Number of protein chains: 2
Amino acid sequence: MISLVTDKEKISPRVIERLTRYLRCLENLSPDDYISSEEMAERMGLTAAQIRKDLSNFISDFGEGFGVRGKGYQVRILYSGIEKILGVHKTNNIIIIGAGRLGGALLAEPEFTKESFNVIGVFDVAEYKVGKEVNGIKIRHTSEIEYFLNTKDRVDIAILTVPKGVAQDIATTLIKAGVKSFLNFAPLKLEVPEDVVVSNIDLYGKLQELNYWKEKVNQW
Amino acid sequence: MISLVTDKEKISPRVIERLTRYLRCLENLSPDDYISSEEMAERMGLTAAQIRKDLSNFISDFGEGFGVRGKGYQVRILYSGIEKILGVHKTNNIIIIGAGRLGGALLAEPEFTKESFNVIGVFDVAEYKVGKEVNGIKIRHTSEIEYFLNTKDRVDIAILTVPKGVAQDIATTLIKAGVKSFLNFAPLKLEVPEDVVVSNIDLYGKLQELNYWKEKVNQW
């Protein structure tokens, strides 16, 4: 789903997707525990070889004590190593465009109260929403986006929860103002320059995929 | 993300994911138009060979007039063929577990007003929500799920928008009552039998992935 295609980058998007899944797996364990690639593979429905291969791409990012023979990986070291690879140990400033139900739901996600993803602005086109607060953040009019981007803190990621018909125009405005990465919920492919990254979440598409696999199960 | 792993099924999850993206692409075109695999590839950032290979898996599912030499695919025929492959031409009954902001956001999605995905029940554990209506659907207590499943229409897909700590228990209850497919927003891997399919949407994981690619762009 990452639209970034370049030979400067050897790591496949699938590897990065799996790294985030390794974090989910490790979150359920005690930081002091050790886990082998075999145990992780068992928990995640992957192969141990796949996990070792994924991690070996980043061997220089892990500190000492990574992968103790006969014991496996210490949860704390593996977790913080993956966080470092993903860059989520730093604070990322986020703006959300579209203060509808989905935008509101994202703001309420407990993950957004963590330091690594910090929502600094919420925008909507609806006048009656402007000035109201969602989870302590004042909703601004979308016409203020450019001014906001020029005068406030750096924006690392823009989340688009706007209707399909306006998503491209909003993305173009944000890109002109310097935004380089997007999480897009609108069901369309955004046209962006090469140095801009887009990750898409297509809810309806996910249901359509699921429907296909469900039908297959029923046929057996 | 599809946890279904079986040798009965030769089609890769990535192919099915791309089929849903082909639908998004075709939605922006007139049904009477023709589009070549090259044009689609250009619009989607894929190769024409990839698109032709994906579609060739399902050649028997498309009717006459599929892929006219020199003209390409007629949008109408390709679109309805992909819908048929995915099984989304039929009505799918959906229940949503968790009537929080995210559950409410999903109910408000315009896609759920389409015939193919029909929400027939919404459940929550919070007493103060029970009996209220969201988009015309009464919220029921989660303790009523089993009764509902035994007495109401068939449930095709359950969407879980519940906290991580309760997701597995709820999934287990639903599976016992006969639910075979899940769209899971809780950030954990559900343990399910082989004949149950799960598709995960991990919002925080998507942000973590995006963060990795963003950092890469900044380094160039």
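Before I count anything, I need a definition: a polar contact is a pair of N or O atoms within 3.5 Å, where, within protein, one must be able to donate a hydrogen and the other to accept it, and residues adjacent in sequence count only if both atoms are side-chain atoms. I also note that this is a predicted model.

**Entry 1: the interface**

With that rule in hand, I looked across the interface of chain A and chain B and got 18 residue pairs in polar contact, both partners being at pLDDT 80 or more. Which helix gives the most to the side of chain A that touches chain B? I found that it's helix α8 (residues 203–219) of chain A, with 15 residues. I then sorted the residues on that side of chain A: 37 are nonpolar, 16 polar and 24 charged.

Next I checked how many residues take part, and the contact has 77 residues from chain A and 77 residues from chain B. The size of an interface is often given as the accessible area lost when the parts come together. Here I noted about 7,000 Å² buried between chain A and chain B, with 65% of that coming from carbon and sulfur atoms.

**Entry 2: salt bridges**

Side chains of opposite charge can pair when their charged atoms come close. How many salt bridges cross the interface of chain A and chain B? I got four. One pair I looked up is A:Glu27 with B:Lys164, whose closest N and O atoms are 3.4 Å apart.

Over all chains, the count comes to 20 salt bridges. I picked out B:Arg24 and B:Glu27, which form a salt bridge with their closest N and O atoms 3.3 Å apart. Both belong to helix α1 (residues 13–27) of chain B, and because they are three residues apart there, about one helical turn separates them.

**Entry 3: symmetry**

I wanted to know how the copies are related. Rotating by 180°, with 0.0 Å of shift along the axis, puts chain A on chain B with an RMSD of 0.0 Å. So that's the relation of a two-fold axis. The same surface serves both copies, as 100% of the contact residues of chain A recur in chain B.

**Entry 4: the sheets**

Strands β3 (residues 92–97) and β7 (residues 157–160) of chain A run parallel, joined by four bridges. I followed A:Ile96 across to its bridge partner in β7(A), A:Ile159.

Chain B also has an open, mixed sheet of seven strands, ordered β5-β6-β4-β3-β7-β8-β9. There, β5 (133–134) and β9 (197–200) each have a single partner strand, so one side of each has no neighbour in the sheet. I counted six bridges between the parallel strands β3 (residues 92–97) and β4 (residues 117–124) of chain B. The bridge partner of B:Asn93 in β4(B) is B:Asn118.

Notes. Residues numbered from 1 in each chain as written. Chains lettered and ligands numbered in written order. Predicted model: local features only at pLDDT ≥ 70, side-chain atom pairs only at ≥ 80, totals over all residues. Heavy atoms only, no water. Contact = heavy atoms within 4.5 Å. Buried area = accessible area lost by both parts, 1.4 Å probe. Salt bridge = Lys/Arg side-chain N within 4 Å of Asp/Glu carboxyl O. Helix = DSSP H or I, 4+ residues; strand = E, 2+ residues; numbered from the N terminus. Nonpolar A, V, L, I, M, F, W, Y, C, P; charged D, E, K, R; others polar. Least-squares fit on C-alpha atoms with pLDDT ≥ 70 in both. Pairing = 2+ DSSP bridges.
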